[in-house]
Amino acid sequence: MLFQFLNENGGHTESLSVSENVSLLFKLYCLTVMTLVAATYTVALRYTRTVETELYFSTTAVCVTEVIKLFLSLGILAKETGSLTRLITSLKENVFGSPKELLKLSVPSVVYALQNNMAFVALSNLDAAVYQVTYQLKIPCTALCTVLMLSRTLSKLQWFSVFMLCGGVTLVQWEPAQATKVQVEQNPWLGFGAIAVAVFCSGFAGVYFEKVLKSSDTSLWVRNIQLYLSGIVVNLFVVYMSDGAKVLEKGFFYGYTYYVWFVVFLASVGGLYTSVVVKYTDNIMKGFSAAAAIVLSTVASVILFGLQITATFSLGALLVCISIYLYGLPRQDTTKIQPSETKTSKERLATV
C-alpha cells in the first residue's frame, strides 16, 4: 500500500508536506502499521535474544538491515524518477558524484550504527515492555538536540511533559518488572545503560538528519541511499572489530532462523516506513502510536515471557503514555500577536 500511495501522488514524497492533504483512512493505516511494527519488533528481537539456543551475531543483523534498506530505497527512488536512465543520472549526480554529501551523512551513519547495536544489548538484558517504556527517553533527548541544533523552542507544556516522562521512566526502573519464563543471565543495569546510549544517539542522529534534509531540496530517498551506503561501511567495520574472528569461524549468518530474519525484516521496513509516514501524520498520532506500542509490548511480554507487572511499572508506564500525548499537543503560536491587537486589549481592560 505504501508504494501504491506514493505512486498515486506522483512519487514525490517531498511535495506533500501538509498532513491535511492525506485521507483519514491513510492516517489510520499509518498509525496501525507504526504501532504494530514498533511493538512486534521489540518483542521479536527480545525473543531471539533470550529463547534461541544458537545466538546469532547482532552486529551482522544490523549490517544486513542496512543492506535491505539500501535496496528498498533504490526501488522507491526508481519509482520516483520514473525510468532507469533518470535513476542512474540521479545516483551519479547525488551519490557517486557527491563525496562531500556522503561524508556529511557518515556522521549519522556512525551514530545510528551505535544506536542499533545498543538496542540489541538492551533487549538482551531488559524485558520488551520495560525497554519500550524506557526508550521513550528519546523524546527529551530529541527535544534537547532540537533546541541546541535547530534553535527551536519548547512550550511550557512540552517541558512539563518531558519531566513527567522522566519521572515515569524512573518509576519503571525503580522496581523493574521480572520475566519468569526467561532463563538466560541478564544484567538490568547494562540494559539501562545501553538504552541511555541508544536514546542519546536517536535524538542526535534524528535531528542531524532532519537538518541535512531541510538544508537542500534533495530527495528523501537519495538522502536515505547516502545514509545507508555509509551505514553499510560503518557496520562492516563494527562486525570486523567486534565479532570478526567468530564470524570467520562460524559464518556471517550463524544462528539465523526464521525469527531472526523476521526481526531484520521488521527493522528494515519499519525504519523506511517511519521516514515516510511521519510526513503525513502529526505528533498526536505518533504519541498514540507509541503509547499503544507500550500496551501491546506489555501484553505480549506477559504472555510470552511471563512478565510480572508491578504497581510502580504500571504507574510509570501510565505517566509515560500521558506525557507522550501532552508533548504532541499542538502549540498555540503567540508570537504573531500584532501590536494593534495588544493595544486594543489594553483599551478594553481600561474600560472595564
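1. Over residues 56–78 the chain is 91% helix and 0% strand, with end C-alpha atoms 33 Å apart, and residues 221–241 are 100% helix and 0% strand, with their end C-alpha atoms 30 Å apart. Helices and strands here are DSSP runs numbered from the N terminus (H or I of at least four residues for helices, E of at least two for strands). The unreviewed UniProt entry annotates both spans as "transmembrane region", along with others including 24–44 and 189–209; such annotations are given in the numbering used here and may be inferred rather than shown by experiment.

2. This is a predicted model, in which local features need pLDDT of at least 70 and side-chain atom pairs count only at pLDDT 80 or more, whereas totals for chains, interfaces and linings use all residues. Residues are numbered from 1 along each chain as its sequence is written, and side-chain values use heavy atoms, with hydrogens and water left out.

3. Helix H3 (58–81) and helix H10 (220–250) pack at an angle of about 160°, their axes being 8 Å apart. Axes are lines fitted to C-alpha atoms, for helices over the stretch in contact, and angles run from 0 to 180 degrees between N-to-C directions. H3 and H10 are therefore roughly antiparallel to each other (angles over 145 degrees count as roughly antiparallel, under 35 as roughly parallel, 65 to 115 as roughly perpendicular, and the rest as oblique). The contact of H3 with H10 has 17 nonpolar, seven polar and four charged residues, where Asp, Glu, Lys and Arg count as charged, Ala, Val, Leu, Ile, Met, Phe, Trp, Tyr, Cys and Pro as nonpolar, and the others, Gly among them, as polar.

4. Helix H5 (residues 99–123) and helix H9 (residues 188–214) pack at about 155°, with axes 8 Å apart, which makes H5 roughly antiparallel to H9. The residues of this contact comprise 20 nonpolar, four polar and one charged.

5. The axes of helix H7 (residues 138–149) and H9 come within 8 Å and cross at roughly 40°, and H7 and H9 are therefore oblique to each other.

6. The second largest pocket holds about 360 Å³ of space (a pocket is an open set of points on a 1 Å grid where a 1.4 Å probe fits, with protein on both sides within 12 Å along at least five of seven lines, and lining residues have an atom within 4 Å of a point; the volume is the space filled by probe spheres set on the points). Of its 21 lining residues, Arg49, Phe57, Ser58, Thr59 and Asp243 are the closest to the centre. H3, H5 and H10 each supply at least two residues of this lining, which divides into 11 nonpolar, six polar and four charged residues.
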